[in-house]
Amino acid sequence: MICCGSRKTKPYIRVTTLGLARRQDEILVTEGVDALADTHFYRFPGGGVEFWETSEEALKREFMEELNAEILSANYLCKIENIFEFEGEKKHEIILIYEVKLPNEYYEKEEMILNENGAIGKALWIDKHEFLNEEKILYPTEIKKWL
């Protein structure tokens with residue numbers, strides 16, 4: 001019988017979906033921090049795909065949960081396999097990326113409050129050249145070719 005002991009979970013591959021929203025040369029990103037690596041980075045809004053949910057359904061759900069934003073259209077761009085380390089743990093994800101259109105009011109805001117599972121952060125528009133010129137870090141790094 002197994003009970004209450006500390007047992008590491010088996011490593012797994014996470015399926016995520018992210019949305020690329022554009023405002024001229026700017027892209028909508030969320031801020032992230034890896035405290036162990038002392039790294040400040042950015043990523044497109046989105047999140048995990050749940051069982052029995054398509055990646056597009058998950059993307060719409062995540063935008064609604066995190067930004068209270070309805071996605072008006074979503075066009076599939078690419079798949080990226082991302083193997084990385086975060087907060088000292090090895091991670092592996094398959095990311096499905098869509099280009100999204102949002103209601104006009106979201107293009108008029110400079111910053112938006114992001115609520116992710118109770119953790120408060122922000123989403124903001126940043127000029128894509130800051131990522132292309134490596135002034136700021138965008139993950140996954142492979143996404144830069146789609147900017």
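**Exercise 1.** In this predicted model, find the bridge partner of Thr 16 in E7, then state the sense in which strands E1 and E7 pair.

*Solution.*
Step 1. Thr 16 has Ile 95 as its bridge partner in E7.
Step 2. E1 covers residues 14–20 and E7 covers residues 89–101.
Step 3. The two strands pair in the parallel sense, over seven bridges.

**Exercise 2.** Which residue stands opposite Ile 95 in E7, and how many bridges join E6 to E7?

*Solution.*
Step 1. Ile 80 stands opposite Ile 95.
Step 2. Strand E6 spans residues 73–86. It is joined to E7 by 13 bridges, and the two run antiparallel.
Step 3. E6 and E7 form a hairpin, with two residues between them. Glu 87, in the turn, has a positive phi of about 50 degrees.

**Exercise 3.** Locate Asp 38 and Asn 68, and decide for each: buried or exposed?

*Solution.*
Step 1. Most residues other than glycine have a negative phi.
Step 2. Asp 38 has a positive phi of about 55 degrees, though it is not a glycine. Its place is the loop between strand E3 (26–34) and strand E4 (39–43).
Step 3. Asn 68, also not a glycine, has a positive phi of about 55 degrees. Asn 68 lies in the loop between helix H1 (55–67) and E6.
Step 4. Exposed means over 50% relative accessible area. Asp 38 is exposed, at 71%. Asn 68 is exposed, at 57%.

**Exercise 4.** Is the peptide bond from Tyr 139 to Pro 140 cis or trans?

*Solution.*
Step 1. Most peptide bonds are trans.
Step 2. The bond from Tyr 139 to Pro 140 is cis, with omega near -10 degrees.
Step 3. Pro 140 lies in the segment after helix H3 (129–132).

Note on methods:
Residues numbered from 1 in each chain as written. Predicted model: local features only at pLDDT ≥ 70, side-chain atom pairs only at ≥ 80, totals over all residues. Heavy atoms only, no water. Pairing = 2+ DSSP bridges. Helix = DSSP H or I, 4+ residues; strand = E, 2+ residues; numbered from the N terminus. Buried < 20%, exposed > 50% of the residue type's maximum accessible area, 1.4 Å probe, protein only.
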